[in-house]
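Have the model open while you read.

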Amino acid sequence: MSDGPSMAGRALQALLLMIGFYLLALAIAGALIAIPIMEMAVANRLHLKLVVLCGAGAIAILWGIMPRWDRFEAPGPELSPEQHPRLFEVLRGVASATNQAMPVHVYLVGDVNAWVTERGGIMGLGSKRVMGLGLPLMQVLSVSQLRAVIAHEFGHFYGGDTKLGPWVYKTRSAIVRTLASLGDDRPILQKPFLWYGNMFLRITHAVSRHQEFAADALAARTVGGKFMTEGLKIIHGASLSFSAYWNDDYRPVLGAGVLPPLAKGFGHFVSSRNVQEAVEKATAKAMEEWKTNPYDTHPSLPERTQALAGLPPGPHEEESSPSIALLEDVSKLEHKLFETILREDFLAKAKALEWEEVPSHVFVPGWVVLAKKGRNWLEGLTLGSLPGMLTNFESFAKTVNPDIPREGMPEDEFRRNWTMSLMGAATCVALNSRGWTLTGLPGQPIAFKHNGVEFQPFHELVEMVTDEAARTTWTEKCERSGVASLPLAPDE
């Protein structure tokens, strides 16, 4: 596949599609306007209902295709060569190797992504090159892998893709707006736009996939196919991981008014064994099963890695150091990034904590509240009696009836989940009260350690419901550490 510039062919194809859409829209709108006029001229009568229906349809179409002012808002803090010389040394090196001009603006963004675009100017003239680099992306890629990803993005400059892309996007948006303006109550008018929209997406997305292959090839020649392949696989896994990290680990901590380091926490998350195993499994499945859909903007991961396998490995030597080290004062950058994605009043009140401090400041108070809510059901239970109680967990859970909303969950399932959470919270509160060391970095289980003994309450309690060996191990640890008689019911 040719990976050189093909701006003329792509631009012509996109231009014809764009013109075709607007001609279609204007023709249909014109026909709607002409219908009542023709009725008046031919039949010398005019039905008010017909005027309203045709006029409303024409207005909806014209409103949908009307160009919108494209306002660009900075997606994050802008990075400068004066503040981040090591990063810009890499950027300038890739720009020189690909024979491309540097971006005028480089922004740090908050997702696992890197992108380029062009903003401003008229009809593409006088526009400025813009690049976005994801902070979580830089946390997981090495310098060599990041260099390959940057070379891929410069490949979009090289192929003229960033000049074509905005026109494709604007036409696609106009099609969507037109369909929305017509509404579901005008299915006959929607049909030609649905047909054209599907054709437009299939053709332009095929062009987009070609652009991705071409940019991959340029990255392979410039930096190395090995690093581009590694980067693609890591990005695939990191994208899945970051969603879980944000929803399961970071957002709950934000909800408690605490602001821990975003990138460092993600580093802890992706380095945990459970997350690594899940990512490896998901990536292996994608490599075996992922097939490209005609409406995909990017080729599948197997197709991209297969194409890279046949390309030169590239001249660049490996730099295995983390690419986030190319940034200066990451904590300050994170705060500036949060200014673009979090409310100002929240940032003013949020408490900055290291992840090592989060469990004692955030989790323990929550566990105490939960244990006190379930104190009546905890009476008489000790850490040593938990294995025996859990052999009849279903029966015990049926006696627990917390006075809180079930939110649509079946009653038995709700009681089981709440009871297990109560057992875990009470165990954590009890061990914490005895001065056991609490750990719980992102992606890792909550654990309490003392004199060589470790409890992972939430994980082990679930195991003990069905696993006799787990119950035996728990009993032995309780006796060895002298906490078998430690009561679970908190003090009043």
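A crossing is left-handed if the near helix is turned anticlockwise from the far one by less than a right angle, and right-handed if clockwise. By that rule, α3 passes α5 in a right-handed crossing, and α8 passes α9 in a right-handed crossing too. Helices here are DSSP runs (H or I, at least four residues), numbered from the N terminus.

This is a predicted model, where local features need pLDDT of at least 70 and side-chain atom pairs count only at pLDDT 80 or more, while totals for chains, interfaces and linings use all residues. Residues are numbered from 1 along each chain as its sequence is written, and side-chain values use heavy atoms, with hydrogens and water left out.

Axes are lines fitted to C-alpha atoms over the stretch in contact, with angles from 0 to 180 degrees between N-to-C directions.

| Helices | Angle | Axis distance |
|---|---|---|
| α3 (residues 85–97) and α5 (residues 143–158) | about 50° | 10 Å |
| α8 (residues 225–255) and α9 (residues 262–271) | about 110° | 10 Å |

Angles of 65 to 115 degrees count as roughly perpendicular, under 35 as roughly parallel, over 145 as roughly antiparallel, and the rest as oblique. So α3 and α5 are oblique to each other, while α8 and α9 come out roughly perpendicular.

Who touches whom (contact means heavy atoms within 4.5 Å)? On α3, Val90, Leu91, Val94 and Ala95 meet Arg147, Ile150, Ala151 and Phe154 of α5. That contact has 7 nonpolar, no polar and 1 charged residues, with Ala, Val, Leu, Ile, Met, Phe, Trp, Tyr, Cys and Pro counted as nonpolar, Asp, Glu, Lys and Arg as charged, and the others, Gly among them, as polar.

Definitions and conventions. Helix = DSSP H or I, 4+ residues; strand = E, 2+ residues; numbered from the N terminus. Contact = heavy atoms within 4.5 Å.
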